[in-house]
Amino acid sequence: MRRFNKIILIALSFVGAIFLSNCNNSGKSGKDNNLKLWYPAPAVKWTEALPVGNGRLGAMVFGNPAQEKLQLNEETVWAGQPNNNVNPDALKALPEVRKLLFEGKFKEAHDMVDRKIFLDSKILDHKLNHGMSYQPVGNLNIAFPGHENAEAYYRELDISSAIATTRYTVDGVEYTRETFAAFTGQVVAVRLTASKKGQINFSAWLDTPQKAETVAQNDELILNGISGDQEGLEGKVKFTALVKIIPENGQLKAEDGKLSLTGADAATLYVSMASNFVNYHDISGNNAERAEKYLQTALQKSYNELRSEHVAYYRNYFDRVQLDLGVTDSVKKPTDVRILEFAKANDPQLAALYFQFGRYLLISSSQPGCQPANLQGIWNDLMEAPWDSKYTTNINAEMNYWPAELTNLAELHQPFIEMIKDVSVTGAETASKMYGSRGWVLHHNTDIWRLTGPIDFAGPGMWPTGEAWVSQHLWERYLYSGDKKYLAEVYPLMKGAAQFLLDFLVEEPEHHWLVVAPSNSPENGFTYKDKDGTEKSATNTYGTTMDNQLAFELFSNLISATEALGIDAAFADTLRQTRDKLPPMQIGQHSQLQEWLFDWDNPKDQHRHVSHLYGVYPSWQISPYRTPELFDAARTSLIYRGDASTGWSMGWKVCLWARFLDGNHAYKLITDQLKLSDSKHTKYSGGGTYANMFDAHPPFQIDGNFGCTAGIAEMLMQSHDGAVHILPALPDVWSKGKISGLRARGGFVINSIEWDNGKLKSLKITSTLGGNLRLRTAQPLTVAGAGTMQPAEGNNPNPFFQKADTPKPIISENARLNPPAVPQTHEYDIATEAGKEYSFTLDIK
């Protein structure tokens, strides 16, 4: 019951502060009332419905006048039961695979990985599986007789208040539906009103694709179900959904599994859901008791109180960041039409809306005490979701949390941090039994049961460096907060990830570098010639550029962590010695940053993954100032990869072009990502954005939304490369604007950045930790008010901005490199005090 009690405490502890907030129930946040997705017709497809969520519960609102549908999710309803997918047969196969790899027999090694590491499990007492699927609870259906010919139809999702609204008129009566997933009440609430008394008439029922029983009694609908089986593993997650109807006048009756209300003035429906899930190895909770307790807690408040508390709680997060890029008449058009026209229209506010929609989705799908946002956040209507809606850790799960620290939603990072703690435990068994290594390992996927073994097949699955990538999030959170108590808490997790690599790294025969073997450059393959000249294709290899970057970064971050905490000096020395033996990055014959240890890159390869550019983003290893040759080669690689791709890939490319300081190219990628897909307005059904602003891989993957939100923030402020860089990649189309509330590493809060005619106008920054603030700007600045600044010299003395030196690359004699066209900047140092704000204006001398 610990998880259940934690959620209740989080909700109730916030109530005291709620009534102190200045909550505007009109649904507007400050002066901005354009933070809405709106449409003149109901949703027909799931990707047209509007998402509401509170981190634990999710609902998709369709808004059909004659029959409303709320598709329902509860975050812990997954197929299967506690299990693992550790295959101890892998340990004896590992030397054979490595031998083939080092002999240049990559295809043979690849095939052996499939046979020996994935499938040949003769000594197991259980069947291996490839992870379980996130699954729906079901649907709440509400039928309104006589509403088939509604007029003046309108529906919206107001992301400034996290409330979905539907309005229409029938026979001169205006009907309004209001739906939200209450953060403090832990229910989904639906409010039905009419402009004339006695006009609320409907019947409501629950249905589900799960094995379940439903009943209607008194004023409640009750659904008890159990999750589905998958890959021979029996589903054992029990769940309960309750729907309570509170009518205002009228007559309510239960019959034939439905509740029917006639002649009411208004009605409120409360949807409560819960499961028996306690944690990844315990499903002993009482789902019925939990659902009832959530419902009764919510019923202690009136609807208006519940609504006010919900809005206040939500705005405590959402209002921290405001973005104004200007408003044009495009805001008068429906959202799907705006997406359709975006590439050719003058609609800067749509980019701001999309940025804030990403923050809305993170607030709604990742709350403290809950599960982290999965591949679809918390919204899924299928028993077998695409890629099972798991946590894909070779890019997608991490991308979900790229906006967390940067866009001032640090608390929402916690569910991901907690998942890392879980997989460090399950991953220790995998590391020991599969590879004979200390520490812990994570391959390219996990699920609610926290499996850590390889899944799917050799191509994507044989990638044992997920622990290094997720460990980056542990360190980044420290860089933003400066919280040494937190760092001490997560240090053992980072150390365990490094211990695995220290044991797993093996010397390759040509250069005697230490490499990760076997592995892959996530999901991409290569073509090579074997010793007799035969051309072959494979995916598994050793020493991929991404793996080398991940190991280099993890070791470097850990060395810095030992220094910050004053511990483990001997271990830090081991890391330094091992780090020196890692392969350096290489620039190949096509002037590209090599993706593999060998110069196999094909300039025509436009694969969705750009894994070898990890060192540009989200890492810090490639810089126009520190590593100009690598910077140019990496940029060349991204040009070869092309722009148009899957939705999430384009979100990553927005971040990358921002790091390449090319705002116009980053903006071009935003127009590519905001390309309407699978809509009545277009025949296009490729990568882009659905009518409801969900990212289209296709199908829906939420990481694309989060990636683009992070990318837009990176265009306006960066802090990874030795300084707080203001407006590093401002596109020409955003010539005037203002943003407030972004966070920079080193504990700096960017209270406001204002620009006009493409030039910085004013800047305000609060230092929460004190220490040196190094500013990098295109225009000269002067201090306005307290504080003094001087031209920056040498490396930034602030420890949060100090980086290890990236090793010099090996460069092909056929490469043709160009000095990076880096805009001229001014750099200043300001000695700051914790808690003080510093203001700057354009120096017009």
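Predicted model: local features only at pLDDT ≥ 70, side-chain atom pairs only at ≥ 80, totals over all residues.
User: How many residues line the largest cavity, and which lie nearest its centre?
Analyst: The structure holds 8 cavities of 30 Å³ or more, and the largest has a volume of about 190 Å³. Its lining is made up of 15 residues, and those nearest the centre are Tyr-401, Trp-402, Glu-476, Tyr-617 and Arg-745.

User: How do the residues of that lining divide into nonpolar, polar and charged?
Analyst: Tyr and Trp count as nonpolar here, and Glu and Arg as charged. Over the whole lining of the largest cavity, the division is 7 nonpolar, 3 polar and 5 charged.

User: Is Gln-472 buried or exposed, and what is its relative accessible area?
Analyst: Gln-472 is found in helix α12. Leaving aside neighbours within four places in sequence, its contacts are Glu-553, Tyr-614, Pro-618 and Ser-619. Buried means under 20% relative accessible area. Gln-472 is therefore buried, its value being 4%.

User: Which residues of α15 are buried, and what arc do they cover around the axis?
Analyst: In α15 (residues 569-579), the buried residues are Phe-571, Ala-572, Leu-575, Thr-578 and Arg-579. They lie on the same side of α15 because the arc they cover around the axis is only 125 degrees.

User: What covers the buried residues of α15, and which exposed residues does the face turned away carry?
Analyst: The cover over the buried residues includes α13 (484-504), β21 (514-515) and α14 (545-565). On the face turned away from the buried side, the exposed residues are Ala-569, Ala-570 and Gln-577.

User: Which strands stand at the edges of the open sheet of 5 strands?
Analyst: The order in this sheet is β27-β28-β33-β37-β35, with mixed pairing. Each edge strand has a single partner strand, so one side of each is left without a neighbour in the sheet; the edge strands are β27 (717-718) and β35 (789-791).

Technical notes:
Residues numbered from 1 in each chain as written. Heavy atoms only, no water. 1 Å grid on protein atoms, 1.4 Å probe; cavity = no way out; pocket = protein on both sides within 12 Å on 5 of 7 lines; lining within 4 Å. Points joined across faces, edges and corners; volume = space filled by probe spheres on them. Pairing = 2+ DSSP bridges. Helix = DSSP H or I, 4+ residues; strand = E, 2+ residues; numbered from the N terminus. Buried < 20%, exposed > 50% of the residue type's maximum accessible area, 1.4 Å probe, protein only. Arc of directions from axis to C-beta. Contact = heavy atoms within 4.5 Å.
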